[in-house]
Amino acid sequence: MATTTDTDGRTDGEPQAVDAEDDQPAANVGWRYTVKQVRRDPTALAGLAIIGVATLVAAVAFLDQLVLPLFGVEQYAIAQAVWVSPNAEVASQLLPPAMTTNVFGEGTWAHPLGTDDRGRDILARLFYGTRIAISVGVVATTISLVFGMIVGSVAGYYGGRIDDVLMRAVETLYAIPFLVLVIVFMVAFGRNLTFAMIGVGIANIPTFARLIRSRVLSVREEDYIEAARAAGVRDRNIIFRHVIPNSFAPVLVQATLQIGLAILIVAGLSFLGFGAQPPTPSWGQMLSQSRDYMLPDPWFSIWPGLAILITVVGFNLLGDGLRDALDPRINN
């Protein structure tokens, strides 16, 4: 059977090719694509590695410091079996790092980072201070994220007087200096770590409320929101099932960055005596104890400062990677 040729040179039975210029690729969305993009980003991977190590250390410290004693095991049993207790005075005061010397003597590999002003091993205290840093960042950010999303979503979805009342309240909270608000809250309720996390969480509510409100103002006009309203879906279900999930991408990026900021803030509060109280190890408290020794023994303050720096940089790197992965201009 003979074949015929069209004017474009295609013979009968051959599929017609699609013009590449007319082919419009679908938008790349979804959590699987986001994970794939993050895995391709070296800065995000570096941030994940730092956060992963810090989280693992914090989990072991939490188990050793708080969980095992509930079952009759001595507190810091893991540390004492593997290293030394972070609270016990185990050496001469202010031993330097290994292979260095100062007026108190020569550093040893038994205390590779040296000891503090009370002879406690700095490496062990840094290890257990990680639990405070990670828990503070996650809990404080979760408080501000949850309440900020609820306030911002309700204000943006309903608009009108509800929007005015909620956002004026948020702006009033935002107008108070951050540290003043947190310190006043802790003075009123208690100078301990729990109220430090709550205070930081409350002070950061305006950041998330304003961010998600700006997203909701555009999302609420989408066709699927109108369709849900026409179908008789309750406003509460629309907000939690449609509005918040479709406004969550920038909030997730901000939350990642906010964890690092919360770690910095609570470290500063601990430096001022408003965070974790002795003998609980915390990085900010270690910096506060080292301020009288910065010139003769700078390593005493360098180690907790480096721990704070590396952890905060890890969360910032992950936040940058998530921002690139969730940017629709790049995805499309």
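Let's start with a cut-off: buried means under 20% relative accessible area, exposed means over 50%, and partly exposed is in between (1.4 Å probe, protein chains only). The model is predicted, so local features need pLDDT of at least 70 and side-chain atom pairs count only at pLDDT 80 or more, while totals for chains, interfaces and linings use all residues. Residues are numbered from 1 along each chain as its sequence is written, and side-chain values use heavy atoms, with hydrogens and water left out.

**Exercise 1. Find which residues are linked with D116 in a salt-bridge network, and decide whether D116 is buried or exposed.**

Step 1: take the D116 and R125 bridge, where the closest N and O atoms are 3.8 Å apart.

Step 2: D116, R120 and R125 are linked in a network of salt bridges.

Step 3: check accessibility. D116 comes in at 1%, so it counts as buried, and R125 is buried at 0%. The whole count by this rule is eight salt bridges.

**Exercise 2. Say how many residues of helix α12 are buried, and what they pack against.**

Step 1: go along the helix. Eight of the eight residues of α12 (residues 283-290) are buried, so the rest of the structure largely encloses it.

Step 2: find the partners. Taking contact as heavy atoms within 4.5 Å, the buried residues of α12 pack against α4 (122-158), α11 (248-271) and α13.

Step 3: look for gaps. On a 1 Å grid over the protein atoms alone, a cavity is a set of points where a 1.4 Å probe fits but cannot get out; a pocket is an open set with protein on both sides within 12 Å along at least five of seven lines; lining residues have an atom within 4 Å of a point. Points are joined across faces, edges and corners, and a volume is the space filled by probe spheres set on them. The search of the whole structure turns up one cavity of 30 Å³ or more. The largest cavity holds about 80 Å³, and α4, α11 and α12 each give at least two residues to its lining. W283 and G284 are among the lining residues.

**Exercise 3. Identify which helix gives the most to the lining of the second largest pocket.**

Step 1: size it up. The second largest pocket has about 350 Å³ of space. Of its 15 lining residues, L126, T130, W283, A307 and T311 are the closest to its centre.

Step 2: sort by helix. α2 (42-67), α4 and α13 each supply at least two lining residues.

Definitions and conventions. Helices (H or I, at least four residues) and strands (E, at least two) are DSSP runs, numbered from the N terminus. A salt bridge is a side-chain nitrogen of Lys or Arg within 4 Å of a carboxyl oxygen of Asp or Glu.
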